[in-house]
Each structure stands twice: as C-alpha cells, then as structure tokens.
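Here's a quick tour of how some charged side chains pair up and where the nonpolar ones gather. Have the model open while you read.

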Amino acid sequence: MRRVLATLGAIVVLAAGCSGSGRATLAVYTSVTQATVDAVVAGFREANPDVEVEVLRAPTGELNARIAAERREGGLRADVLWLTDPLSMQQYDADGLLRGADPDVSGIPAAYREDRFWGTRILNLVVVTGDGV
C-alpha cells in the first residue's frame, strides 16, 4: 500500500505542474496492470477532483514506439510515464526527458530511487535451465 501511495503522491506532485484555470488534464502513459492503474487513478481522482486523468495503457514496446513518435513530432504529450521497464526509464532520464519531482518516497528503499524516477515494486525473474528440469 505504501508503494501505491508513493506512486499516487508522485502523480499529485506532477499534476500540480499542470494546474491552471479551470479543470486540469493529466496524461499518464503506463504499462502497469489495469487493476493497479484503476486503483491508483481512483485514489488520485478522489483527492484531486478538479484534475482529469487520461490514461494510455499499453505494452512497453508500444509505449516506447509512441514516445519515440511524439518526440519526433515535436514533444512528448504525456505528463507522467509510469512504466514497468527500468531500462526504458533510465534511457528517458539520460535523454533529459524526465523532470524532477519531490513526492514522499520514504517507503521506497534508496537503492530503487533516482532523482527523477523511482521503483514502486520489484519483479523477480527466475530462469532455470538444465536437463530434466
């Protein structure tokens, strides 16, 4: 739950940069599971009823292709990149695509935090090889 709240906090901080007169819109590009997206967006909307959240959810490859196309066409249209591929995030950070935010990420171990992005969960991948396995 702390990780979801940290993610929600990050979205709140980023949404503050989108505020202005009237209803603000926050565009989120994500590859996170639908149930997780639904829960976080619902919590965000409850806390920020004046912010419209538009979610584009797709597999990592499709999001990377969309981001590349938007960059070629003049600029990324997403306000928040909530991706599941740390290598993509590292490259976007190296490309200067990410900006700093200051949410409370104290629930996330320091080893999984950078200045402009942070992990919200760990996926363990186990590969077993060998005859008879």
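## Charged pairs around Glu70

Let's start with Glu70 and Arg77, whose side chains form a salt bridge at 3.6 Å, N to O; the term stands for a side-chain nitrogen of Lys or Arg within 4 Å of a carboxyl oxygen of Asp or Glu. Keep in mind that this is a predicted model, where local features need pLDDT of at least 70, side-chain atom pairs count only at pLDDT 80 or more, and totals for chains, interfaces and linings use all residues. Residues are numbered from 1 along each chain as its sequence is written, and side-chain values use heavy atoms, with hydrogens and water left out.

Glu70 also has a salt bridge with Arg66, this one at 2.9 Å, N to O. Arg66 and Glu70 sit about one helical turn from each other because they are four residues apart in helix 3 (residues 60-72). Helices (H or I, at least four residues) and strands (E, at least two) are DSSP runs, numbered from the N terminus.

How buried or exposed are these partners? Glu70 is buried, at a relative accessible area of 1%, while Arg66 is partly exposed at 37% and so is Arg77 at 47%. The cut-offs are under 20% relative accessible area for buried, over 50% for exposed and in between for partly exposed (1.4 Å probe, protein chains only).

## A link across the chain

Arg71 and Asp95 make another salt bridge, 3.2 Å from N to O. This pair ties together distant parts of the chain: Arg71 belongs to helix 3 and Asp95 to the segment after helix 4 (86-94), 24 residues apart. Both ends are partly exposed, Arg71 at 35% and Asp95 at 38%.

Salt bridges with shared partners also connect Arg66, Glu70, Glu73 and Arg77 in one network.

## The nonpolar cores

Now for the greasy side chains. The largest nonpolar core has 12 residues, including Leu26, Val28, Phe44, Val53 and Trp82; such a core is a set of buried Ala, Val, Leu, Ile, Met, Phe, Trp, Tyr and Cys residues joined through side-chain atoms within 4.5 Å. Strand 1 (24-30), helix 2 (34-47), strand 2 (51-57) and strand 3 (80-82) each give at least two residues to this core, and helix 2 has the largest share, four residues.

Which residues does Val28 touch, leaving aside neighbours within four places in sequence? Val28 is in contact (heavy atoms within 4.5 Å) with Val53, Glu54, Val55, Leu56, Val80 and Trp82. Another core lies apart from the largest one, with 11 residues, among them Tyr29, Leu63, Met89 and Leu98.
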